[in-house]
Amino acid sequence: MSSLDPDNRPLILEAGRADHQYWIDLWRYRELFFILAWRDVAVRYKQTVIGVIWAFVRPFMTMVVFTVVFGSLAKLPSEGSAPYAVMVFAGLLPWTLFASVLSEASLSVIGSANLITKVYFPRLVVPLSTIVVALIDFLVSLAILAGLMLWYGLVPGWQILLLPLFVLLALLAAIGPAIWAASLIVKYRDFRFIIPFVTQIGVYVSPVGFSSKVVPEHWQMLYSINPMVGVIDGFRWCILGGDSPIYWPGFLVSLVVIAVMLAWGAHAFRRSERAFADII
Amino acid sequence: MSDVAIRAEKLGKKFIIGHRAEVGSVFVDVVARGFRNALRKGTDMLRGRAMVEGDTVEEFWALRDVDFEIKRGEVVSIIGHNGAGKTTLLKILSRITEPSEGRLSIKGRVASLLEVGTGFHPELTGRENVFLNGAILGMTRAEVRRRFDEIIDFSGVEKFIDTPVKRYSVGMYARLAFAVAAHLESEVLVIDEVLAVGDAEFQARCLNRMSAVADAGRTVLFVSHNLAAVTALTKRAIVFQSGRVYFDGAIDEAVAHYATSLRKVKNGGNWGKGNTTSLISAMLVDASGTPTDRYEPGTPLRLRVVLETSGLRGMSLELVLRDEHNLPIGFYSTSVFNQVSLPGKPGQYECSLVLEPYWLASGEYCFDLMTGLTYVDTDHRVDNALRFFVERCSPDAIPFNFSQGKGNGALAMRLASPVEFTELPAAAQEPKPGPG
């Protein structure tokens, strides 16, 4: 049997040869994607006392801290009539998804050095498979949000149906820089110190603990260069509905930035992945 | 031409390696060197090149001008000593790394086993790891499921299949890992030294499995130091030396060429340098002084080590003998054991060491070589510097071959005087009264 090579053409290995079968190969290795993702999920809470409860505790505590610091102490305004806690949580959801994909995926390649130096597979499988763990944590947080909205008696509007689209957008926003960073970390370990820094600063630069409406109008366009501004605004619009209208021109800027980073990340990763085994 | 499975044309692989310069450790020098290195790494990064640690960089060809053809269904072994380029070739074949020049064309799906148990996760159970490892080696889940019982049967760890593999013994772990690998289905199979796992019985089973695979008409490339296994399994061998094809042909001739290539390697291997002393080469010789890679148990173990010294006093030459599991089983130091230091006059020397006869079990061994101040500081260390084999170990003409694979260690112990049994008086044999 030869599920990986149905056509009988020989495989040619040469220096710098572009592998036009790459994307087909990536699809053929989807089982590896699932099994690596499953492995990460299966071992995630092994040998912890409270196990999967950690998935609830972390986002909940962050939400409480942000609500107290930005809402009660700094007295920043919420969006429309929405309770501050719900507004924070609606921003925290996409941010956490973004940050965990960015940090996990960027470190995943050097973390899999033992695989990369011993077996062939499209290397993109490794960073992509980290998405699944982040998505599962995201779903847990979504359940907390539902509970929170029930508590405040909030009912989402029709916009909630568009939420999956923005989840996808958050993932795309993370994957671009993540795979770029992953390929850089293989060569220069400096970047493994830079990524945690980016996520630490990013949570304050992005409108996570506050509403993006706090930023003066004439800065909105510039602010949207941070792609997470568009994504977080989109999330709040989906969850809080009419209380949180999207600033569309800014959203478009965010979309363009996401697309450019994704294309650049994929290009950089593809260009350097053939040498991964030599320099990892 | 349709029956050629693998063809290599002018294949080469280049690495950039870094060296540490031998400048002194004066503070200013160290700072200047650190600054220069950071500058070089910085420019490398701006140009998008990979970074190399070290003070000076150099090109190193691990493989060069390699040409060969392997027909479909052929079973070929690749032999050569450490650093001859075997593993680099396998890595190119299995698409792990890309060649720097030349081309390689392969027909059919390649399954490569550069290691058993790649990606095994200690927290997962044996069953889970079979699926994980299978997927990593390129099997589909359906395929693994179909052959699952066979795999478990082959491994012999059925009882512990739902136990996390971190609780496994080394042997169980290796057996399970090999079992998965042995059930890979592909047109081309590439194997690197994976037979060296488990006990003798399991190794025999692995060998049978390998020959079954070969008989089934698949193309097999097999790298091993185990010349007995190589001779039993393959008819053709390619001998590598210093990154080039040294010989390509019938297995018997190849083994002979391999032995002569051992002699030639004297100055071929690049072992790097120490600060004040450098090990250059080492070989095992027989009673007549001819280089060999065989040791006849019960005869003196003769070594020749070529080294260079700057004349620093008190430096010692040291050996660590390791068995085939890479466990240290012996140590010798010229200065600690015999109060002999390296010569005080700078220059290159050949050092002859004749060690006492040992009854080493049959199998593979290697020596690590070191120079330095014993237990204080190692100046130059070369791991796996010298590999050799013991073909048969039968002290006192016992009727079987005592091998390392028996799991009883690497040394057949011998008596200094005959065994004696003295019968104890009957009273002493009475069972002691229990408490109560």
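Gln339(B) lies in the loop between helix 9 (334-338) and strand 15 (347-355) of chain B. The model is predicted. Gln339(B) has a positive phi of about 55°, although it is not a glycine. Most residues other than glycine have a negative phi. Gln339(B) is also exposed, because its relative accessible area is 64%, and the cut-off for exposed is over 50%.

Phi of Lys75(A) is near 55°, a positive value in a residue other than glycine. Lys75(A) sits in the loop between helix 3 (54-73) and helix 4 (84-111) of chain A. Lys75(A) has a relative accessibility of 63%, so it counts as exposed.

The side chain of Arg270(A) makes a polar contact of 3.2 Å with the side chain of Glu273(A). An α-helix has 3.6 residues a turn, so residues three or four places apart point the same way. Arg270(A) and Arg123(A) are 147 residues apart in sequence, yet their C-alpha atoms are 8.7 Å apart.

Chain B was examined as a whole. Its secondary structure comes to ten helices and 17 strands. Chain B has 436 residues, and buried residues make up 46% of them. Among contacts in chain B with a separation of 6 or more, 70% join residues 24 or more positions apart.

The buried residues include Phe131(B), Leu132(B) and Ile136(B). Gly126(B), Asn129(B) and Asn133(B) are also among them. What do the buried residues of helix 3 of chain B pack against? Their partners come from both chains: helix 2 (30-44) and helix 5 (113-116) of chain A, together with helix 4 and helix 5 of chain B. After helix 3 of chain B comes Gly138(B), with a positive phi near 100°.

Helix 5 of chain B covers residues 170-182. At 1.5 Å a residue, its 13 residues should span 18 Å, and its end C-alpha atoms are 18 Å apart, which agrees. Ten of the 13 residues are buried, so helix 5 of chain B is largely enclosed by the rest of the structure. Met172(B), Arg175(B), Leu176(B), Phe178(B) and Val180(B) are among the buried residues.

The interface of the two chains came next. The contact takes 49 residues from chain B and 41 residues from chain A. The area buried between chain B and chain A is about 4000 Å², and carbon and sulfur atoms give 60% of it. Seven residue pairs are in polar contact between the two chains, counting pairs with both residues at pLDDT 80 or more. Three salt bridges are found across the interface. One of the salt bridges joins the side chains of Glu98(B) and Arg274(A), at 3.7 Å from N to O.

Several elements of chain B give two or more residues to the side that touches chain A, including strand 1 (4-19), helix 1 (27-46), strand 4 (101-106) and helix 3 (126-136). Strand 4 of chain B gives the largest share of this side, six residues. By class, the side of chain B that touches chain A has 18 nonpolar, 13 polar and 18 charged residues.

How values were computed: Residues are numbered from 1 along each chain as its sequence is written. Chains are lettered from A and ligands numbered from 1 in the order in which they are written. Side-chain values use heavy atoms; hydrogens and water are left out. Helices (H or I, at least four residues) and strands (E, at least two) are DSSP runs, numbered from the N terminus. The expected span of a helix is 1.5 Å times one less than its number of residues. Buried means under 20% relative accessible area, exposed over 50%, partly exposed in between (1.4 Å probe, protein chains only). Contact means heavy atoms within 4.5 Å. Buried area is the accessible area (1.4 Å probe) that two parts lose on being put together, summed over both. A salt bridge is a side-chain nitrogen of Lys or Arg within 4 Å of a carboxyl oxygen of Asp or Glu. A polar contact is a pair of N or O atoms within 3.5 Å; within protein, one must be able to donate a hydrogen and the other to accept it, and residues adjacent in sequence count only if both atoms are side-chain atoms. Ala, Val, Leu, Ile, Met, Phe, Trp, Tyr, Cys and Pro count as nonpolar, Asp, Glu, Lys and Arg as charged, and the others, Gly among them, as polar.
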